[in-house]
Amino acid sequence: MAAVTSSCSTAISASSKTLAKPVAASFAPTNLSFSKLSPQSIRARRSITVGSALGATKVSAPPATHPVSLDFETSVFKKERVNLAGHEEYIVRGGRDLFHLLPDAFKGIKQIGGIGWGSQGPAQAQNLRDSLVEAKSDIVVKVGLRKGSSSFNEAREAGFSEEKGTLGDIWETISGSDLGLLLISDSAQADNYEKIFSHLKPNSILGLSHGFLLGHLQSIGLDFPKNFSVIAVCPKGMGPSVRRLYVQGKEINGAGINSSFGVHQDVDGRATNVALGWSVALGSPFTFATTLEQEYKSDIFGERGILLGAVHGIVESLFRRYTENGMSEDLAYKNTVESITGVISKTISTQGMLAVYNALSEDGKKEFERAYSASFYPCMEILYECYEDVASGSEIRSVVLAGRRFYEKEGLPAFPMGKIDQTRMWKVGERVRSTRPAGDLGPLYPFTAGVFVAMMMAQIEVLRKKGHSYSEIINESVIESVDSLNPFMHARGVSFMVDNCSTTARLGSRKWAPRFDYILTQQALVAVDSGAPINQDLISNFVSDPVHGAIQVCAELRPTLDISVPAAADFVRPELRQCSN
């Protein structure tokens, strides 16, 4: 992409002429510290404006729900205590220097079955296999697929084979595994869980990388059978990121994607060690504790929010606004998608959200504040609704039902999801990326930055009020966005991600992105155009929020390594390669 100017004043309410002030190369501790908040800042956080962007009233905010204590015990790995925004949490650091502990962590396990070859399946099977080889373990990692699956060839190309006993039928693999990792789609889990449970060996361990199945069982008044353990290890990134950073991590110890882990039931006392071993073997730089219930709520909510649905809605709304106000299509795309997935994400990843604000000129900061102030509560309104739809089981039911509509039934035709990448905005994106110089991260456009950061902070606040741990909040709202998903979106476009990620995320983005688009257009942008005053309490709260210090702590728990995503990176889910929709 050629050098970009960011001075089109007709697109927003005031001009922003100096927008790309160089960003500092490291965290500024004084900006991110949360331990020295002034009484005035604390009081400011207790008086919160609610309501629409135009008709707001002030109320006294109740204190955030305290996160549930998630302590755990492990006899294999070293547990560490970290302080995040005044809350003590416990983690296990990863690294290849810990691979020699894997045989102890996986004591009693002779075969690990990786069930499925979708988003997570290829990455997890290969990472586990490679880590166990490095650990000189004789544990077999076997991939299980349904008969006739087109993914058999891809699994063979990745080094799994029937001849070596590392590739086979799904049901045979489940029955023969001591640890079965269920990595098929959420809707497929919901439709096949009874058969899956019946094939598990007594006292074996069922491994999940998403709590969706628990949410589905809860929605119909059920729980897991009690004759096997149930654990979860949930990488905070899509499968291709898990594999790509693991491979890069061969050169830098500890590089990878963070994971959460949870033990839902433990029949023989091995569950925690096995879960942590699984996470370390995947290459997680650090692993934090959660519950399956907290995980599925934050994960399904997050992908409808800042991870995919919300960013899709933001760029659609702002691209339309900028072009309607006279900005060229190419520049509007650069100032929306390229800005968010490039320089904004890079800055947040390496230096935090405050660094985005601090990098702006004085005029740029005013534009950021105007956008942030007008967008925060409209964003929170939709996010709040979305979280409650997830927590109530409504979103889970919609995913299960949508999965069934993909096939003909009851005399009705099949309705697989169509693609979004043929509309005007995404065709412009193809043109922009085709001429983009290598390494170009796009312009730091203040108004776009203000809307995006407002959405991120609103999501953080919803999860905080709902009692999630800071580890979970930061990973689901910040790290997964800027370190895993957005680099892929920068390489291939937001539409490519919406069309090729997991079924649950694809459905969520299609459902919720229009809601974010509409509320920004109908409330936030109307407030800006009407000259609504900047809510200085909101800006003060943003600057002094303790989450900035917590993000700094989390950033220091992993090596600084940018994920390598070439423009031709292939992260299409295997089953979608065969699909014409």
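**Reading the cavities and a buried residue**

User: Which helices each supply at least two residues of the lining of the largest cavity?

Analyst: A cavity is a set of points on a 1 Å grid over the protein atoms alone where a 1.4 Å probe fits but cannot get out; lining residues have an atom within 4 Å of a point. Helices are DSSP runs (H or I, at least four residues), numbered from the N terminus. Here they are H13 (329-351), H19 (470-492) and H23 (547-555), with H19 giving the most, 5 residues. The lining includes Ile 348, Ile 474, Asp 483, Cys 554 and Arg 558.

User: Is Met 457 buried or exposed?

Analyst: Buried means under 20% relative accessible area, exposed over 50%, and partly exposed in between (1.4 Å probe, protein chains only). Met 457, in helix H18 (residues 446-465), counts as buried because its relative accessibility is 4%. Met 457 and Ser 477 lie 20 residues apart in sequence and 8.3 Å apart in space, C-alpha to C-alpha.

User: What is the mean pLDDT of the protein?

Analyst: pLDDT is the predictor's confidence in each residue, from 0 to 100. The mean is 86, and 84% of residues reach 70 or more. Over residues 1-64, pLDDT stays under 50. Where pLDDT is low, predicted coordinates should not be read in detail.

Methods. Residues are numbered from 1 along each chain as its sequence is written. This is a predicted model: local features need pLDDT of at least 70, side-chain atom pairs count only at pLDDT 80 or more; totals for chains, interfaces and linings use all residues. Side-chain values use heavy atoms; hydrogens and water are left out. Contact means heavy atoms within 4.5 Å. On a 1 Å grid over the protein atoms alone, a cavity is a set of points where a 1.4 Å probe fits but cannot get out, and a pocket is an open set with protein on both sides within 12 Å along at least five of seven lines; lining residues have an atom within 4 Å of a point.
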